[in-house]
Amino acid sequence: MHKPSTLFSAFFALTILAAFSNAQASSAPARERVSFNDGWRFTRGDPANVGNSLDYERVKPWLLPCGDDLLNMSPPAALRLPPPAPNPAHLYGRAIDYTTSKFDDSAWRALDLPHDWGIEGPFYQELTGKTAKLPWFGVAWYRKTFDLPAADAGRRIYLELDGAMSYSMVWINGQFAGGWPYGYSSWRVDLTPHIKPGAKNVIAIRLDNPREASRWYPGGGIYRNTWLLKTAPVAIAQWGVFVTTPRVTAASAIVDVAVTLDNKTDARADTKLTTRLYAADANGAPSGPAIATAQPAALNAAARNQAWISQTFTLENPRLWSLGERNRYVAETEITQGGKVVDRVLTPFGIRSIEHTTEGFFLNGKRVPIRGVCMHHDLGALGSALNLRALERQIEILQSFGANAIRTSHNPPAPELLELCDRMGMLVQVEAFDAWAIGKVRDDYSRLFPDWAEKDLRAMVRRDRNHPCVIQWSIGNEIREQAAPGGWKTAAYLAGVIREEDRTRPVAAGFNVIQAAYNGMMTAVDIVGYNYKPREYAKVRATHPHLPLLGAETASTISTRGVYVFPVSDDKADGLDRQNYQMSSYDLYAPRWATTPDDEWRSHDEVPGIMGEFVWTGFDYLGEPTPYNSDTTNLLNFAGAADRARMEKEMNALDKKRVPSRSSYFGIVDLAGFPKDRYYLYQSHWMPDKPMAHILPHWNWPERIGQVTPVHVYTSGDEAELFLNGKSLGRKKRGQYEYRFRWNDVVYAPGELKVVTYKNGKPWAETTTRTTGGAEKLLLAADRREIRADGRDLSFITVTVADKNGRQVPRSMNKINFSITGPGEIVAVDNGDPTSHAPFQASEREAFNGLALVIVRAKPGAGGDFTLRAESESLAPAEIAISAR
């Protein structure tokens with residue numbers, strides 16, 4: 001039985017520990033950072049008198065100064081004129097009722113954060129499939145009333161948001177405080193000038209999602225965590241501790257801790273810095289006594305200015321961070337002023353070395369193939385609203401088929417993802433943008449690029465640079481400047497910004513234009529990352545033998561779990577189940593610009609030294625249901641005019657058929673987290689030492705008796721023999737550049753398929769698939785039977801439609817009803833069907849090819865045992881008990 005995940009308590013315990021770590025030194029902590037997620041009110045739309053007064057272009061002069069402290073040089077006055085007034089009429093509370101303390105928001109919806117209003121739906125057929133046919137766009141407001149203790153007088157008070165979608169604007173007690181346009185950045189606003197210690201305060205936040213702002217489902221709302229930070233006027237700056245390990249061996253490591261001090265007072269601040277290093281426990285918190293302490297160092301900051309210093313240690317016999325041994329340390333940085341502790345920050349970090357070379361990627365001196373996947377930020381049926389357990393489950397599933405890396409496509413991730421990757425042993429490429437100055441859709445990042453790119457880049461790197469899991473920074477994905485005159489100059493500028501912030505990791509980009517490796521773009525980055533260009537690797541290696549190569553985005557094979565289309569063709573443009581808008585799961589089909597896994601792997605085998613790949617994608621995601629969409633931005637992936645014209649014609653034809661698809665077909669697992677056949681293909685290649693074998697398709701084809709029904713086997717073995725009802729259909733040996741075994745002439749007969757595989761001439765693994773009986777009962781299986789009773793921890797329960805012998809009936813679509821007794825509740829349901837418009841927030845779901853998913857949690861504030869019951873007409877019901885502690 002699985003125990004409740006410690007990651008929930010551990011992650012927040014670390015934050016609280018950092019906030020209160022100096023409680024022994026004074027009666028009140030010098031730094032407090034507390035969750036600000038609970039007790040919000042929410043409504044859609046602006047009040048009637050707003051009109052267009054809050055449009056971005058009208059408020060931009062007041063937003064632009066936000067985050068200027070991240071810049072190394074403030075913009076010249078000639079380029080950045082100061083706002084004409086601190087709070088003009090159209091920003092002041094008297095003109096906008098929603099921002100004032102007196103406004104009555106009792107009729108607004110009460111909720112806790114994180115929150116994604118778009119996932120609540122409903123799906124609208126008339127909306128575009130590229131953003132999942134969900135109503136995520138438009139304006140919404142959040143308000144929160146809270147008490148601030150009188151003892152906080154004299155402290156700096158900040159609101160920190162890990163992410164809010166998008167064009168955020170913040171008011172405190174009716175006064176405009178600031179905001180941030182990019183929905184994926186983490187940022188903060190200073191509430192101090194207008195907050196009232198010892199009284200009630202009101203925060204109001206306005207979000208505005210332009211309808212044409214994204215090529216995938218971005219979600220809507222304050223979808224990540226929020227925090228209230230309290231510090232002394234002299235304190236360590238935001239993300240102001242940077243730990244590097246410039247020299248690492250098994251015998252010793254140099255650890256450099258750089259600290260930036262922020263003086264918000266009108267007088268010079270004379271302080272002392274003391275840094276201590278601790279071993280970290282599994283949760284990243286200090287464990288045991290300090291293992292090293294630096295002598296106090298003077299750190300003096302001029303009035304309204306910052307100061308910087310570093311302290312260096314040499315650790316003997318360091319415990320290195322790796323994929324298998326996730327060892328970490330904690331740097332405690334303490335600031336004293338006049339003998340009193342004024343700030344203390346705990347910073348987890350890892351000691352490890354990384355090298356990106358023409359021979360591959362090396363971690364701690366050992367070559368590690370990058371077996372990565374690209375991941376959008378949505379959590380399937382939960383939408384984009386952050387949930388720690390849902391993220392943890394995704395990583396568990398990715399690791400189960402051999403993935404060891406994630407590319408955060410195409411934006412900075414939630415900070416919790418990187419914390420989990422540190423703890424669970426995953427490598428990460430953190431990506432910044434999907435567009436630069438030349439846009440792909442009307443209101444994408446190109447609208448913000450000139451004013452915000454540097455701030456967003458610096459915020460991304462400073463926030464994430466202490467994570468040992470982060471091995472690369474990407475400045476962009478398939479940006480259109482690749483072939484534009486002077487595009488390499490923009491790339492060089494962005495890469496330079498990153499290198500100013502962090503020289504310990506290389507800069508990469510995802511190039512989908514062949515010329516980018518020859519026209520100067522490749523000189524701006526440290527790694528040439530090609531998207532869907534496996535046949536170009538050999539040429540790049542011959543032309544530029546000094547450039548490290550990476551498959552930055554690969555494959556884009558498309559399939560639907562449990563769907564098989566006959567006859568089976570090797571033309572990658574085939575495999576469409578046009579009647580049902582599904583894709584065959586023979587894993588032979590891809591858009592014209594994409595490839596199969598087999599093609600990508602062959603190129604890696606032919607060109608040694610490629611660092612690895614990031615497959616598009618690990619999970620299906622909301623939006624971009626290629627090939628069943630009208631997403632004209634997909635035309636960006638076609639270099640040739642003929643291809644573009646042909647695909648545009650196909651898309652226009654699909655539009656007329658009112659395509660229902662609302663989520664992608666690219667995933668190695670489906671939207672619900674159920675493995676597709678491709679899961680086992682990647683497992684066979686990425687986990688060569690794991691004995692495994694998998695047969696496809698399923699063997700329930702009563703309409704195909706006597707017809708040719710090809711059988712494929714995925715195995716980590718090098719030989720395989722297939723049997724149908726005990727008769728051998730031949731033993732095959734894997735040939736060069738072969739990654740699957742195929743029996744193309746199998747004639748279907750009901751019964752049993754069995755494969756026996758071998759490796760190096762010895763038995764390796766075997767498996768069977770059988771024709772099942774009819775659907776007779778439901779089965780329930782939870783990924784965790786015990787969860788935390790905090791209203792946030794989740795259990796993911798798989799529902800299987802089974803025959804009398806308990807075997808999944810692979811083509812069953814039974815409608816299933818769910819109910820709970822006890823202190824639990826259903827959060828969402830799903831089945832992995834990319835065409836379904838049924839709401840995720842429901843107590844019923846049709847099975848899709850024999851499976852459905854129910855996500856449950858304890859009711860907030862309640863604990864104890866609760867039971868989920870599943871019922872379906874003519875099937876035996878099932879129950880499962882979950883304990884919440």
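At roughly what angle do the axes of helix 5 and helix 6 cross, and within what distance do they come? The legends below begin with this pair. The model is predicted, with local features requiring pLDDT of at least 70, side-chain atom pairs counting only at pLDDT 80 or more, and totals for chains, interfaces and linings using all residues. Residues are numbered from 1 along each chain as its sequence is written, and side-chain values use heavy atoms, leaving out hydrogens and water.

**View 1. Helix 5 and helix 6.** The axes of helix 5 (residues 449-464) and helix 6 (residues 487-501) come within 9 Å and cross at roughly 35 degrees. Axes are lines fitted to C-alpha atoms, for helices over the stretch in contact, and angles run from 0 to 180 degrees between N-to-C directions. Helices (H or I, at least four residues) and strands (E, at least two) are DSSP runs, numbered from the N terminus. Residues of helix 5, including Phe449, Leu457 and Val461, meet residues of helix 6, among them Tyr493, Leu494 and Ile498; contact means heavy atoms within 4.5 Å.

**View 2. The largest nonpolar core.** This core has 196 residues, of which Tyr142, Ile205 and Val373 touch the most other members. A nonpolar core is a set of buried Ala, Val, Leu, Ile, Met, Phe, Trp, Tyr and Cys residues joined through side-chain atoms within 4.5 Å; buried means under 20% relative accessible area, exposed over 50%, and partly exposed in between (1.4 Å probe, protein chains only). Helix 5 supplies the largest share of this core, seven residues. Beyond its neighbours within four places in sequence, Ile205 is in contact with residues including Trp40, Trp141, Leu159 and Ile222.

**View 3. Two cis peptide bonds.** The bond from Trp616 to Thr617 is cis, with omega near -5 degrees, and Thr617 lies in the loop between strand 31 (612-616) and helix 10 (641-656). The bond from Leu696 to Pro697 is also cis, with omega near 5 degrees. Pro697 is placed in the loop between strand 32 (693-696) and strand 33 (711-715).

View 4. Arg304, which is not a glycine, has a positive phi of about 50 degrees and lies in the loop between strand 15 (297-301) and strand 16 (306-316). Ala555 has phi near 70 degrees and belongs to strand 28 (residues 549-555). At 1% relative accessibility, Ala555 counts as buried.
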